[in-house]
Amino acid sequence: MEEIVLDKKQKELLELLRRGIKPATGCTEPIAVAYAVATAKEQVNEELKSLEIQVDPNIYKNGLMVTIPGTKEKGLMAGGALGFVAGDPKKELRVIDNVKKEDLKKAKLLIEQKKVNLSLKENCHGLYIEVILITNESKVRVIIKDSHLNIVNIEKINKGEEFKPFLAENKKMNSSENIIQKYRLKDFIEFSNEISVNEMDFLKEGIEMNLAIAEEGLKIENGVGVKFREMVEEGLMADNIINRAQMLCAAASEARMSGSRLPVMSTAGSGNHGITAFLTTFAVSEKNNMPEEQLIRALALTNLITIFIKSYTGALSAMCGCGVAAGIGASAGIVYLLGGNKEQILGSMYNMVGSIAGIICDGAKEGCAYKLALASGWAVQAAILSMKGAIINKNDGILAGDFKKLFKNLGYTCNPGMVPTDEAILEVMLEKEKA
């Protein structure tokens, strides 16, 4: 069999896809905390005296109400405690995959003994997790910055010593953030057209993984996915590509946010982004009986555009990334899947940005399923509208005719634009906690 040689651009984009698409078990915010803690624990053998966890407002917000996989526990402290008791950092976003009942008891005991402490890092913008693990002998500090697995500092010192000041500006992000921005929409389309599908087996794995958790979600009593299916059976909704996408995405998200042990294939550091990107595109392919190769190529485009958008909006923000990153990526991928051209692909993105940009992110929780339902259903409709010639005026509002400028504008709207919104959202959530 003749070996396929990739050119430099194909190699780089394929690597960006592989780095941006990873299996994850549970919501990635508490999982990232567990990953940091498990990494710190690898440095010591002594008994834990205390575990100090400090996070940025977005990690705090997203980790507040989400259930840890395989448990009924919610939040970052539970994630951190389980990372200490049972975490395996080599598994990355699946760091606490194999939690057992005994592990859960030990983790809960650490929290009851007040050995695990969580605090908010004020005036911190961008993803930031700092863990300080203290024993009777030593102290270990681990810092994650900018993306969920991006460890920028590991330092172990004797108990009586002080850590060196951490200078964030000297730590460059080890991710695709700036690399992907040099590419254009044309590059992403060419890559999706030309890359060998044999290089993209991980995309097939993503379909299977995310479909499996959707099936689990379709067994949740009074779950949104279950009720969508009931509405189809009762004739209140049509059995079409729009509603199939909504049903699958909502069901998968609800299962994941409720503590399912099943992994999902995440995109750009988010399991819900991965669900939206994979299952929305899959639903259209499934209902139209399309060849697998066509679906895989569409998923390559969907995910590249999602990762590209996130490089401008940031890993976490006040804006719901499932709608305004993965939903936009899915809409573009659907146009590609249905044989649309570059202008129609861009048109679908105008339709998405010009309509649902600004949906707030008020933390990860079971209710995210409803946002995924909205984003996925509208992604399909926005794509079809574009192919029919109905496209929002590219000069409207924050829109721009240029692909890069469109998402620069969206990113600027997120940060600095919606930073005060983010602060207000967290304030409301913290007030509810006190009540």
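These legends go with a set of close-up views of one predicted protein model.

**Figure 1. The whole chain, before we zoom in.** This predicted model has 16 helices and seven strands. Its radius of gyration is 21 Å, close to the 22 Å that the globule rule gives for 435 residues, so the protein is as compact as a globular protein of that length. If you want a box for it, the C-alpha atoms fill one of roughly 70 × 55 × 50 Å along the principal axes. Buried residues account for 58% of the 435. Take the contacts between residues at least 6 apart in sequence, and 76% of them join residues at least 24 apart.

Figure 2. On the charge side, count 53 positive and 55 negative side chains. The centres of those two sets lie 2 Å apart.

**Figure 3. Phe188 and the largest nonpolar core.** In soluble globular proteins, nonpolar side chains tend to be buried together. Here the largest nonpolar core has 82 residues, and those with the most contacts inside it are Phe188, Met200, Met349 and Phe407. Helix H11 (residues 292-313) gives this core its largest share, 12 residues. Have a look around Phe188: leaving out residues up to four places away in sequence, Phe188 touches Leu13, Ile180, Tyr183, Leu301, Leu304, Ile305, Phe308 and Phe403. Apart from this core lies another, of 46 residues, including Ala34, Ala36, Ala38 and Val44.

**Figure 4. His273, tucked into helix H10.** His273 sits in H10, which covers residues 271-287. With a relative accessible area of 5%, His273 is buried. Who are the neighbours? Not counting residues up to four places away in sequence, His273 touches Thr267, Thr306, Lys310, Gly321, Cys322, Ala325 and Ala326.

**Figure 5. Asp103, a buried acidic residue in helix H5.** You'll find Asp103 in H5 (residues 101-112). Its relative accessibility is 12%, so Asp103 counts as buried, the cut-off being under 20%. Setting aside neighbours within four places in sequence, Asp103 is in contact with Leu82, Val85, Ala86 and Asn98. For a sense of scale, 33 Å separates the C-alpha atoms of Asp103 and Val428, which are 325 residues apart along the chain.

Figure 6. Most residues other than glycine have a negative phi, and most peptide bonds are trans. The bond joining Asn415 and Pro416 is cis, though, with omega about 20 degrees. Pro416 lies in H15, and so does Gly417, in a helix that spans residues 403-417. Gly417 is partly exposed, at 47% relative accessible area.

**Figure 7. Two loop residues with positive phi.** Asn222 is not a glycine, yet its phi is positive, near 60 degrees. The loop that holds Asn222 runs between helix H7 (201-217) and helix H8 (224-233). Asn222 is exposed, with a relative accessible area of 54%. Ala268 also has a positive phi, near 55 degrees. Ala268 belongs to the loop between strand S7 (264-267) and H10, the helix that contains His273.

Technical notes:
Residues are numbered from 1 along each chain as its sequence is written. This is a predicted model: local features need pLDDT of at least 70, side-chain atom pairs count only at pLDDT 80 or more; totals for chains, interfaces and linings use all residues. Side-chain values use heavy atoms; hydrogens and water are left out. Helices (H or I, at least four residues) and strands (E, at least two) are DSSP runs, numbered from the N terminus. The radius of gyration is taken over C-alpha atoms; the globule rule is 2.2 Å times the number of residues to the power 0.38. Buried means under 20% relative accessible area, exposed over 50%, partly exposed in between (1.4 Å probe, protein chains only). Contact means heavy atoms within 4.5 Å. Lys and Arg count as positive and Asp and Glu as negative; His and the chain ends are not counted. The place of a charge is taken as NZ of Lys, CZ of Arg, CG of Asp or CD of Glu. A nonpolar core is a set of buried Ala, Val, Leu, Ile, Met, Phe, Trp, Tyr and Cys residues joined through side-chain atoms within 4.5 Å.
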